Amino acid sequence: DESNADLTGMIDKLKVELQATNSSHKQFAENAKKEIVEFESKIRKQEEQINSLQYELHQSEQQLNAMEIDYSRLATKNDDDSEDANQLRQQMYELHANLEELEDTRGQQSQEIAELTEDNNRLAHKCHTFKTTVKELNNKVKSWEKSYRDQSDLLLSYSREISRLNSGRGY
């Protein structure tokens, strides 16, 4: 009876430990899922920004091309009208600067997307590893619980047999 109580106590302790571990792993998995969702949201926003920047870049290139054509026309047509040419030249330089800035921003955002994707993949792998570990622990605890229950049943059976034998001898 004492060994049954010990085994039952051990089983109860293992159950409490497993529940605590499962709770901790579930919390980590939930946090990892939230982070993954946040990373995916950030990636989508970055992709939208890149698309927007690419569109702006395309528009700027078209404007630049149009201004270069206008500049060429004005330069050949109106050599004496240097003020307009200077303004167009200044606008062209500004558009070149904007174009370079947009290209730099696109490169930075592409790098951030790559980093976020890597973090997302790492967290997904970590989450998978924890799920696997929890499944293995659950299987071990179930195995131990069955083993302890079988031992407890066997001890109880032996105890009854001994009691029966002892009562038959008149002790």
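## Briefing: cores, salt bridges and a surface patch

The side chains of Asp119 and Arg122 meet in a salt bridge with an N to O distance of 3.4 Å, where a salt bridge is a side-chain nitrogen of Lys or Arg within 4 Å of a carboxyl oxygen of Asp or Glu. This is a predicted model, in which local features need pLDDT of at least 70 and side-chain atom pairs count only at pLDDT 80 or more, while totals for chains, interfaces and linings use all residues. Residues are numbered from 1 along each chain as its sequence is written, and side-chain values use heavy atoms, with hydrogens and water left out.

**Salt bridges**

- Asp119 and Arg122 are 3 residues apart in helix H2, so about one helical turn separates them; helices (H or I, at least four residues) are DSSP runs, numbered from the N terminus.
- Asp119 is partly exposed because its relative accessible area is 24%, and Arg122, at 43% relative accessibility, also counts as partly exposed; buried means under 20% relative accessible area, exposed means over 50%, and partly exposed lies in between (1.4 Å probe, protein chains only).
- In helix H1, Asp70 and Arg73 lie 3 residues apart, about one turn of the helix, and their side chains meet in a salt bridge of 3.4 Å, N to O.
- With a relative accessibility of 32%, Asp70 counts as partly exposed.
- Arg149 and Glu145, 4 residues apart in helix H2 and so separated by about one turn of the helix, form a salt bridge through their side chains at 3.8 Å, N to O.
- Arg149 has a relative accessible area of 41% and is therefore partly exposed, and Glu145 is partly exposed with a value of 23%.
- Lys15 joins Glu145 and Arg149 in a network of salt bridges, and the count of salt bridges by this rule comes to 6.

**Nonpolar cores**

- The largest nonpolar core has 7 residues, namely Ile36, Phe39, Ile43, Ile50, Ile113, Leu116 and Leu123; a nonpolar core is a set of buried Ala, Val, Leu, Ile, Met, Phe, Trp, Tyr and Cys residues joined through side-chain atoms within 4.5 Å.
- Helix H1 (2-77) and helix H2 each supply at least two residues of this core, and the largest share, 4 residues, comes from H1.
- A second, separate core has 6 residues, among them Leu57, Met67, Leu95 and Leu99.

- Ile43, once its neighbours within four places in sequence are left aside, is in contact with Ile113, Leu116 and Thr117, contact being heavy atoms within 4.5 Å.
- Asn120 has its place in helix H2 and, at 12% relative accessibility, counts as buried.
- Leaving aside neighbours within four places in sequence, Asn120 is in contact with Ile36, Phe39 and Glu40.

**Surface patch**

- Leu154, Leu155, Tyr158 and Ile162 make a nonpolar surface patch of about 370 Å²; patches are made of residues with over 30% relative accessible area and no salt bridge, with like charges joined within 9 Å and nonpolar side chains (Val, Leu, Ile, Met, Phe, Trp, Tyr) within 5 Å.
- Accessible areas come from the Shrake-Rupley method with a 1.4 Å probe, and for residues only the protein chains shown count as cover.
- Ile162 has its place in helix H2 (residues 82-169) and is partly exposed, with a relative accessible area of 48%.
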